Amino acid sequence: MAEVLGVGLTHYPLLAGADTHMANLLKSTLKDPDIPVELKDPSSWLPLAQEEWGTDGGVAAAAAHRSRLLEDLQKCREAIDEFEPDVVMVWGDDQYENFREEVIPSFCVLAYTDTVVEPFGVLDMLKVPNVWGLPSDTSFVMTGAPDFAKAAVTDVLNSGVDVAYSYQPREGIHFPHAFGNTQLFLDYDNVGAEFPYPIVPMAVNCYGEHVIARKGGIARFADIAAGEQLDPPGPTPLRCFEFGRAVGRFAKRSDKRVALVASSSWSHAFLHDKGWHLRPDTDSDQALYEAMVAGDYESWNARTSRQVIDAGQHEMLNWYCLLGAMSELGMTLSWSDLVVTEIFNSNKAFAVFE
């Protein structure tokens, strides 16, 4: 009989980078001339931000942030190893990687065979050295489970939830980092090369109105003020929850041991327009974290797409999928952690459901 494990973690790209560069997104934001000068002055920041920024631009704090994240990732890996899954299904966002102007699906299961992943693609774009000091073209293989992925699509479609599927990745780009970094970080000591479980990536259009408009990245306030040509919205939080429920039902009906994983940080500073891209929306994150710990999914589902976007919580749609599955299967949160930061772009949550 099938068994299911639920896991939530981060795919924070700069965790793969050197400590000296972990605060680079904030440093870039501080160069935006349209952010009020007084807001860019560290003396006006919250105490945590001032403490993390220190006298070295966040380098010392980066080491502490890394240590906390790796400790939590290790707990996630230990839970997965103890569970011994036959397959790991991962909800992650596609950040203008596989899906671009040709098509933007709300949900797409990647029914790929074994795929070569170059995990430092994002770091190369950001001109950030990797923490391992390895060549930029370092790669590992992500083992696929295409037959299981196709069966998942069939089952979810038959349940009434529309989901696309893909048999091969886009050429000429790095593999979507939400999935590549999931394997990289769960196998951090081996740079992703010895992860023993096949992965079925499930792409969610988390970026919605910003996916093409901002190409999955940061916008300057002059461009925002000039009037962005926004895209149609992504799936609603409630629809993501329903997608998760459908995947959960499939996993439970299968004959496999299935780990269901949500891969993303929570609110992102560079998406939090109301916070001038300087800090994540910690208040919103804390409220949802407390609701998750309490098993209060009604509070999650009461939030609208607009509220999610305004808080810079775009990528949390992946967690809506996970919580939908956990709710459907009556699974219980056994461990979690919320790592809050002011200067490292995003708050990071971790969770294990059994």
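I began with two helices: helix 9 (residues 237-253) and helix 13 pack at an angle of about 50°, with their axes 6 Å apart. Helices here are DSSP runs of H or I, at least four residues long, numbered from the N terminus. The axes are lines fitted to C-alpha atoms over the stretch in contact, and angles run from 0 to 180 degrees between N-to-C directions.

That angle makes helix 9 oblique to helix 13, a word for whatever is left once under 35 degrees counts as roughly parallel, over 145 as roughly antiparallel and 65 to 115 as roughly perpendicular.

A note on my source: this is a predicted model, where local features need pLDDT of at least 70 and side-chain atom pairs pLDDT 80 or more, while totals for chains, interfaces and linings use all residues. Residues are numbered from 1 along each chain, and side-chain values use heavy atoms, without hydrogens and water.

Next I looked up who touches whom (contact means heavy atoms within 4.5 Å). Helix 9 brings Phe241, Phe243 and Arg249, among others, and helix 13 brings residues including Leu317, Tyr320 and Glu328.

Of its 57 residues, Met89, Trp91, Phe243, Leu260, Trp266 and Trp300 touch the most other members. Its largest share, eight residues, comes from helix 13 (residues 317-329). Apart from it I found another core of 54 residues, among them Leu14 and Ile343.

Last, I checked helix 7 (residues 177-186): 10 of its 10 residues are buried, meaning under 20% relative accessible area with a 1.4 Å probe, protein chains only.

Notes:
A nonpolar core is a set of buried Ala, Val, Leu, Ile, Met, Phe, Trp, Tyr and Cys residues joined through side-chain atoms within 4.5 Å. Buried means under 20% relative accessible area, exposed over 50%, partly exposed in between (1.4 Å probe, protein chains only).
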